[in-house]
Amino acid sequence: MNLVIQSLAPLSADHRKPLTALAHGSSATVLDEHAIRVENANPAQRADLDVYCGTHELDYAFVAPGMRITDFGLVAMDMDSTLITIECIDEIADFCGLKAEVAAITEASMRGEIKDFNESLTRRVALLKGLDASALERVYEERLQLSPGAERMLGGAKAAGLKTLLVSGGFTFFTEKLQARLNLDFTRANTLEIVDGKLTGRVLGEIVNADVKARMLRDACAKLGIEPRRAIALGDGSNDLKMMEAAGLSVAFRAKPVVREAASVAFNFVGLDGLLRLFSA
């Protein structure tokens, strides 16, 4: 296997020899100032690499030699805390003084401690009843930021011919704006009911939970005429696990432990554009 090591800051040359030795690799190739690739690395060395990379804030990934981005046809992304840095529902709740309460439910749900996502979302949305819908626009304009490397990752994926899917347990208000802003191919999210300019505390239609996310990935692949193994899935919470399991390559982005353990690759430090460095030229 090849081993790709990445750093958010420029990667010091001092790391090359110890990482090659730790991985029992044959040689190290510099990919750019932030990354190296160690050839013929031994995946059995994962425990030692965990310690070294964790200490030095490096991300590592074992990848098959010769794996190319063009082997894939779709990149599927979660929105909150993956494509963007915030949890939109927590920020909406801040406008009615309930951020701490809502954020606690969000965190427990994403860690997998609340098993029923539908119930957790319903509980959180109910707390927003009566809030002026203008709060959604304020969250988008004042608080929503793309995650580091998001635009570069999307640009690289699109240049390689991949289509894009944004699938979220969050809300269509935000996914639709991001679809237009980033020129995304497919989106799916929950619809907040708004009556007379106020949130009613209800979600309309089917809730986008883990099963729906996985189904959306498979449906997008079917539309593209590709197998799900040719999809890349990126996520951070337990609601993303089934979608990530359905994909051929899964990336846990600054994710909860349960997601990091299940994913093909985990990025704890680098941006989303770290995805592009995994592939051979």
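How many cavities of 30 Å³ or more does the structure hold? I found one. I took a cavity to be a set of points, on a 1 Å grid over the protein atoms alone, where a 1.4 Å probe fits but cannot get out.

Basis of the entries. I note that the model is predicted, that local features need pLDDT of at least 70, that side-chain atom pairs count only at pLDDT 80 or more, and that totals for chains, interfaces and linings use all residues. Residues are numbered from 1 along each chain as its sequence is written, and side-chain values use heavy atoms, with hydrogens and water left out.

I recorded about 160 Å³ of space in the largest cavity, a volume being the space filled by probe spheres set on the points. Its lining (residues with an atom within 4 Å of a point) consists of 15 residues, and D80, E87, F117, G169 and G170 lie nearest the centre. Elements giving two or more residues to this lining are α4 (88-94), α6 (117-126) and β6 (163-171). I took helices (H or I, at least four residues) and strands (E, at least two) as DSSP runs. The largest share, four residues, comes from β6. By class, I listed six nonpolar, four polar (Gly is counted here) and five charged residues in the lining.

Helix α5. I checked the length of α5 (residues 99-110): its 12 residues should span 16 Å at 1.5 Å a residue, and the end C-alpha atoms are 16 Å apart, which agrees. V102, I105, T106, A108, S109 and M110 of α5 are buried, meaning under 20% relative accessible area with a 1.4 Å probe, protein chains only. I noted α4 and α6 among what covers these buried residues. G112, with a positive phi near 90°, follows α5.

Technical notes:
On a 1 Å grid over the protein atoms alone, a cavity is a set of points where a 1.4 Å probe fits but cannot get out, and a pocket is an open set with protein on both sides within 12 Å along at least five of seven lines; lining residues have an atom within 4 Å of a point. The expected span of a helix is 1.5 Å times one less than its number of residues. Buried means under 20% relative accessible area, exposed over 50%, partly exposed in between (1.4 Å probe, protein chains only). Contact means heavy atoms within 4.5 Å.
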